[in-house]
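Here are my notes for when you open the model.

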Amino acid sequence: MFRSNLILAAVWFVAIGFAWESFLLASDKVIGADGALDGHRHRVLVSTDIGGTDPDDFQSMVHLLLYADVLHIEGLISSPYGPGGKNNILEVIDAYAEDYEHLESHSDRYPSPDALRAICKQGAINTPGASGVDESTEGSQWIIKCAKQNDPRPLHVLVWGGIEDLAQALHDAPEILPKLRVYFIGGPNKKWSVDAYNYIEQNHPQLWMIEANATYRGWFTGGIQKGEWNNKQFVAKHIAGHGALGEFFVNAKDDIKMGDTPSVARLLRGASGDPSQPGWGGRFVPIWDGRKTIFDRLTTEADTAEFFGVAEFSLRKPEGFSDQNTAAMIFDGGMPISTGVIEGDVLRFRFSPRDAKVWTYVIKSDFAGLDGKSGKFDAVPPPTSRTSRRSTFHPNWWIDDPDPAAAEGVHPGAKSVSQWRVDFLSDFADRMDRCNSK
């Protein structure tokens with residue numbers, strides 16, 4: 001009898017386990033009810049490094065304009081950290097203009113090409129100084145103007161490139177902060193914008209922000225990749241031969257990249273006010289504290305810092321080193337370099353490691369006592385003892401889910417996007433058809 005009860009209990013627990021797993025899987029299919037495709041018109045401002053070294057912003061801009069009838073697009077800002085400019089946004093709008101007659105026949109809410117050209121603004125071209133802010137730009141001023149409009153809806157600022165213009169806007173008009181909902185495609189962009197990011201993180205901790213360092217990769221990594229859903233085959237079947245926008249997309253890259261598109265997709269299908277809910281743009285968790293590591297010496301491989309975090313080197317300023325001297329820390333022989341800044345008695349370098357690996361660095365300086373100094377540190381995933389504790393300093397900040405079950409390979413959180421692959425690509429294919437038919 002006792003053994004029978006044990007067997008029944010075991011069966012019960014197994015059944016409960018399967019039921020709970022089914023519940024979790026089912027709950028992941030529930031999407032919030034305020035997506036743009038359900039009739040909710042969100043205010044959107046995009047800050048992009050289009051025209052730079054990666055063609056994905058061209059693809060994402062094509063996608064954005066195809067959904068311009070269900071979004072209230074208020075700004076298109078060029079915020080590169082290298083090549084690229086407002087003219088590259090205008091190139092995509094020129095393609096949109098060629099397809100406009102077809103698009104307008106499907107919806108009279110598509111904005112005119114001239115209306116889109118009027119909201120294109122040039123943002124910061126060069127990275128600011130060590131403070132993370134510099135002078136206002138046409139782009140930063142436009143963010144402020146849009147945020148101050150008498151509209152009860154929040155302004156969704158989608159940062160596809162450098163975050164300098166957003167940092168400048170918050171510096172110049174901090175009162176706009178409550179109106180902003182930011183989705184930052186971090187990772188490599190954060191690496192280039194580490195000073196502007198550090199300014200925002202330290203000085204505006206109440207900002208509502210999604211920091212997607214890896215989740216966005218689910219748009220082109222993982223999910224169903226066979227047949228027409230393959231990155232290359234999808235473009236060949238559903239993009240190529242579809243109007244001027246399709247041609248522009250293919251000329252940029254003949255397979256899917258679109259790493260910035262999840263920032264738009266979460267507004268199409270998702271709960272805009274709750275990043276913890278599932279949606280096409282991914283699902284996120286509250287950020288934790290301790291993501292910034294400060295070293296007061298040159299390091300070795302035994303020293304660790306959080307990958308996707310911020311690593312600072314605050315080295316004692318050598319005797320005789322003045323503001324006339326220069327020093328730069330170069331990581332893995334690549335770009336960007338971190339320029340040394342004198343802050344009191346220390347010489348400070350700042351860097352954001354985007355990969356979990358051992359990073360090497362060397363200092364290049366016109367000061368003999370520093371030139372050639374080198375070291376290493378290990379960028380590692382954060383421990384669960386930290387990730388399980390919600391930040392008290394950043395109550396409205398969200399980040400990639402560190403749970404291994406949500407990862408696609410080495411990319412945290414990416415599965416929360418890739419699971420919707422057939423859904424969002426099917427809808428995108430239908431939109432592309434609008435370029436050819438009335």
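1. Start with the cysteines. A disulfide here is a pair of cysteine sulfur atoms within 2.5 Å. With that cut-off, a search of the whole structure turns up 0 disulfides. Take Cys146: the closest cysteine sulfur, in Cys120, is 12 Å from its own, which is too far for a bond. For Cys435 the closest cysteine sulfur is again in Cys120, and at 18 Å it is too far for a bond as well.

2. A word on what you're looking at. This is a predicted model, where local features need pLDDT of at least 70 and side-chain atom pairs count only at pLDDT 80 or more, while totals for chains, interfaces and linings use all residues. Residues are numbered from 1 along each chain as its sequence is written, and side-chain values use heavy atoms, with hydrogens and water left out.

3. Are those two cysteines buried or exposed? I'm calling a residue buried under 20% relative accessible area, exposed over 50%, and partly exposed in between (1.4 Å probe, protein chains only). Cys146 has a relative accessible area of 0%, so it is buried. Cys435, at 2%, counts as buried too.

4. On to charges. A salt bridge means a side-chain nitrogen of Lys or Arg within 4 Å of a carboxyl oxygen of Asp or Glu. That rule gives a count of 24 salt bridges. One of them pairs the side chains of Asp151 and Arg153, with 2.8 Å from N to O. Asp151 is buried at 14% relative accessibility, whereas Arg153 is partly exposed at 25%.

5. Some bridges span more of the chain. Lys232 and Asp254 form a salt bridge whose closest N and O atoms are 2.9 Å apart. The two are 22 residues apart and link distant parts of the chain: Lys232 belongs to helix H9 (residues 231-239), and Asp254 sits in the loop between helix H10 (243-252) and helix H11 (262-268). Helices (H or I, at least four residues) and strands (E, at least two) are DSSP runs, numbered from the N terminus. Asp254 is partly exposed at 39%, and Lys232 is partly exposed at 45%.

6. While you're on helix H9, look at Ala236, which also has its place there. With a relative accessible area of 55%, Ala236 counts as exposed. Its C-alpha is 24 Å from that of Gly52, a residue 184 positions away along the chain.

7. Asp332 is partly exposed at 33% relative accessibility, and Lys357 is partly exposed at 33%.

8. The peptide bond from Met335 to Pro336 is cis, with omega near -5°.

9. Which residues make up the salt-bridge network? Asp195, Lys292, Glu312, Glu343, Arg348 and Arg350 are linked in it.

10. Now the largest pocket, with a volume of about 540 Å³. As for terms, the search uses a 1 Å grid over the protein atoms alone; a pocket is an open set of points where a 1.4 Å probe fits, with protein on both sides within 12 Å along at least five of seven lines, and lining residues have an atom within 4 Å of a point. Grid points are joined across faces, edges and corners, and the volume is the space filled by probe spheres set on the points.

11. What lines that pocket? There are 14 nonpolar, 6 polar and 8 charged residues. Here Ala, Val, Leu, Ile, Met, Phe, Trp, Tyr, Cys and Pro count as nonpolar, Asp, Glu, Lys and Arg as charged, and the others, Gly among them, as polar. Helix H12 (384-387) and strand S17 (397-400) each supply at least two residues of the lining.

12. Last, Phe308 again. It lies in the loop between strand S9 (304-306) and strand S10 (310-316). Phe308 is not a glycine, yet its phi is positive, about 70°. With a relative accessible area of 10%, Phe308 is buried.
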